[in-house]
Amino acid sequence: MGAALLRDPSFWQPLTLDLPKVARSYCARPEWTTPGESAWMLLSKFSWCNRLTITQLARLVAKLPDEATTHGVDLRRADRLNVGALVVALGSPATSSQGAFCVEQRHHLLWLAATELRYCPECLRTGFHSPIFQWRFFVRCPIHRMRMRTGCPRCGASVPYRLGAQLADCPLRCPYCHAVWVPCLQPHAGRCSPLNPQQADAFAQWADYLTHAIGPAGHRLSAALDRSTGRLSAACRRAHQYQTEKRFTYVSTLTTHKQPLH
Amino acid sequence: MDHTVNRPVSVDKHPLTLRKYRIPTPSIAALRELIDECLLLYVTGAAIEGRPRIGKSYAIEFMRRDLAKRYPKMSVYGIRCKKSQAPSENAFFSALLHAANHAATAGSSRTALRGRLTHKIRQVAETNDDHRVVLFADEAQNLREIEYEWLREVHDDLEMDELRLFVFLVGQPQLLAQKSAFQAQGKEQIVARFMIEELHFRGLTSAEECAACLSAYDRAEYPPGSDWSYTRFFLPQAHAAGLRLEQEAAALWAAFEDAHIRANLSGDLEIPMKYFTTAVEAAFLIGMNRDASTFKFNDEFWAQMVVKSRYVLAQRAGRVLLSSITA
């Protein structure tokens, strides 16, 4: 054996041990995610692949790790997580974490966003969840037109919208009935597919719209919302009720004009 | 040493000075052919055995770089199997996670570690778009039966994920004894996966093989493409006058043979790569101080280099150890 190689001059070349060192990294699947996906879904997929304990996960991404191991980190707010570390761990471009939260920091209207997971059943099945689903005034999925749901799809157990032991130990599955919420991940070689660009664009427009509607933190007089009911104002509801195409057109104009929706 | 020589890099940065190079050997050639055949025919494992210090770990490092060069998309990992009092699944999967360059190698349940490992291997393979995964297990004679079973589970998990794991077990001759024991116990699930092929790893056994290895020093350039072979780099004036290391093969072989016979070592001469490369490195590093157009190696010089390689001392040490065990 090896006789042919012994006569091959090209084989007799020393190799220097100067290969670049591969940096240690977590298992990251940026190709499974859609821009604008919620921090809950990003972290759930990360947990699915890496199976870290809550202590490890909290040390990695939470600003106050002890909070995660006790009552959990609120995933509605960006300022509770170390977004830089999150981006590195997820192996995604920095822009991917934008729009992963309901608000950047403490916000006077955050009470309108649910602390329990709200989801579109069809989106969840494909491994997508948007932070806009958490707003209680957001009633239907703009893609599938399905009503928002809460609780495990099979047993109805509450799913906290927090980074806690449940997210780390049972990512994307119910800790009580063990139902798998994203069936495409379940089989061997299973994977998630990102939304198509049109769908992703629709969510991006809605996210812009809601950011605009809610307004900056501390701006208590947002005309987009009726404070007494916690619902969208009449003007916003009109936009909400238009034909889908018209609404998207309307929403897209918001991003260009940047005028307050008052 | 002539300080006027304008070398492309300083001597202390050269791979030979830093011992950061590996030269091919006839046994490495055999191993490379075996690996290529396994990859081609989907033979998922082989047992490679040889005496200590013969160059097995050296061969693994060479092959990892060689495979990275020839199959840049293929995932290649290496673990060093440690001898432990009692096998631990956590320790086993932690070692594999470390080999796979995962950022978290501990701190979870066994199931979680196993899932983490397969996800990581799968992610790298899918990102590289090559479903072949090669794992070199050095010192594989230290693996216990239960660890083979865990390795088999990883193999099966990856197969379910449409990946093909090739495991090359590299170790001391006890590895073949393990294989025989598994066969006797009917552990076909282990032998059939990881031990179908066998390869005996040996040192250099002739002057011709020495010549082939020495020719690598004449041929290889550092920096690549600079026209500065290792021989030219350390002995530029002698090289310009026509000195080539390959021509020294007979003298070096004879020096090792003399040392072997004078020390009354048993068996035929088989030079482990460790001592061969040490002798050559000493020849370059000591010879460079005498570099001149008239410089030539001679038998006395090579005899000194063989002494500096500690070949005889190491062989005697091994013999004393063996005799104390068998007494």
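Residues are numbered from 1 along each chain as its sequence is written, and chains are lettered from A, ligands numbered from 1, in the order in which they are written. In this predicted model, local features need pLDDT of at least 70 and side-chain atom pairs count only at pLDDT 80 or more, while totals for chains, interfaces and linings use all residues; side-chain values use heavy atoms, with hydrogens and water left out.

**View 1. The interface of chain B and chain A.**
Chain B brings 51 residues to the contact, and chain A brings 35 residues. Contact means heavy atoms within 4.5 Å. The two chains bury about 3800 Å² between them. Of this area, 59% is on carbon and sulfur atoms. Buried area is the accessible area (1.4 Å probe) that two parts lose on being put together, summed over both. The rule finds 18 residue pairs in polar contact across the interface, both residues at pLDDT 80 or more. A polar contact is a pair of N or O atoms within 3.5 Å; within protein, one must be able to donate a hydrogen and the other to accept it, and residues adjacent in sequence count only if both atoms are side-chain atoms.

**View 2. The side of chain B that touches chain A.**
Several elements of chain B give two or more residues to this side, among them β1 (21–22), α2 (26–41), α5 (110–128) and α9 (207–219). Helices (H or I, at least four residues) and strands (E, at least two) are DSSP runs, numbered from the N terminus. Which element gives the most? It is α5(B), with 8 residues. The residues on this side of chain B divide into 24 nonpolar, 10 polar and 17 charged. Here Ala, Val, Leu, Ile, Met, Phe, Trp, Tyr, Cys and Pro count as nonpolar, Asp, Glu, Lys and Arg as charged, and the others, Gly among them, as polar.

**View 3. Strands paired between the chains.**
Strand β1 (residues 15–16) of chain A is joined to β1(B) by 2 bridges. The strands run antiparallel. Two strands pair if DSSP finds at least two bridges between them. B:Y21, in β1(B), is the bridge partner of A:T16.

**View 4. Salt bridges between the chains.**
Side chains of opposite charge can pair when their charged atoms come close. A salt bridge is a side-chain nitrogen of Lys or Arg within 4 Å of a carboxyl oxygen of Asp or Glu. The count over all chains is 27. Between chain B and chain A it is 2. B:E126 and A:R29 meet in a salt bridge, at 2.9 Å from N to O.

**View 5. Salt bridges within chain B.**
B:E145 and B:K187 form a salt bridge, with their closest N and O atoms 2.7 Å apart. B:E145 lies in helix α6 of chain B and B:K187 in the loop between α7 (174–184) and α8 (188–194), so the pair ties together parts that are 42 residues apart in sequence. B:E145 is partly exposed, at 29% relative accessibility. Buried means under 20% relative accessible area, exposed over 50%, partly exposed in between (1.4 Å probe, protein chains only). B:D156 and B:R152 also form a salt bridge, at 3.4 Å between the closest N and O atoms. Both lie in helix α6 of chain B, 4 residues apart, about one turn of the helix. B:R202 and B:E209 form a salt bridge at 3.1 Å between the closest N and O atoms. Is B:E209 buried or exposed? B:E209 is buried, at 12% relative accessibility. B:R202 is partly exposed, at 29%. Salt bridges that share partners join A:R29, A:E31, A:R191, B:R122 and B:E126 into one network.

**View 6. A lysine and a cysteine of chain A.**
A:K45 lies in helix α2 (residues 39–50) of chain A. A:K45 is buried, at 5% relative accessibility. Leaving aside neighbours within four places in sequence, A:K45 is in contact with residues including A:W32, A:E37 and A:C192. A:C155 lies in the loop between β4 (149–150) and β5 (162–163) of chain A. A:C155 is partly exposed, with a relative accessible area of 38%. Neighbours within four places aside, A:C155 is in contact with A:C174 and A:C177. The C-alpha atoms of A:C155 and A:C174 are 8.4 Å apart, and the residues are 19 apart in sequence.

**View 7. Backbone angles in loops of chain B.**
Most residues other than glycine have a negative phi, and most peptide bonds are trans. The bond from B:Y222 to B:P223 is cis, with omega near -10°. B:P223 is in the loop between α9 and α10 (230–234) of chain B. B:D129 has a positive phi of about 60°. B:D129 is exposed, at 61% relative accessibility.
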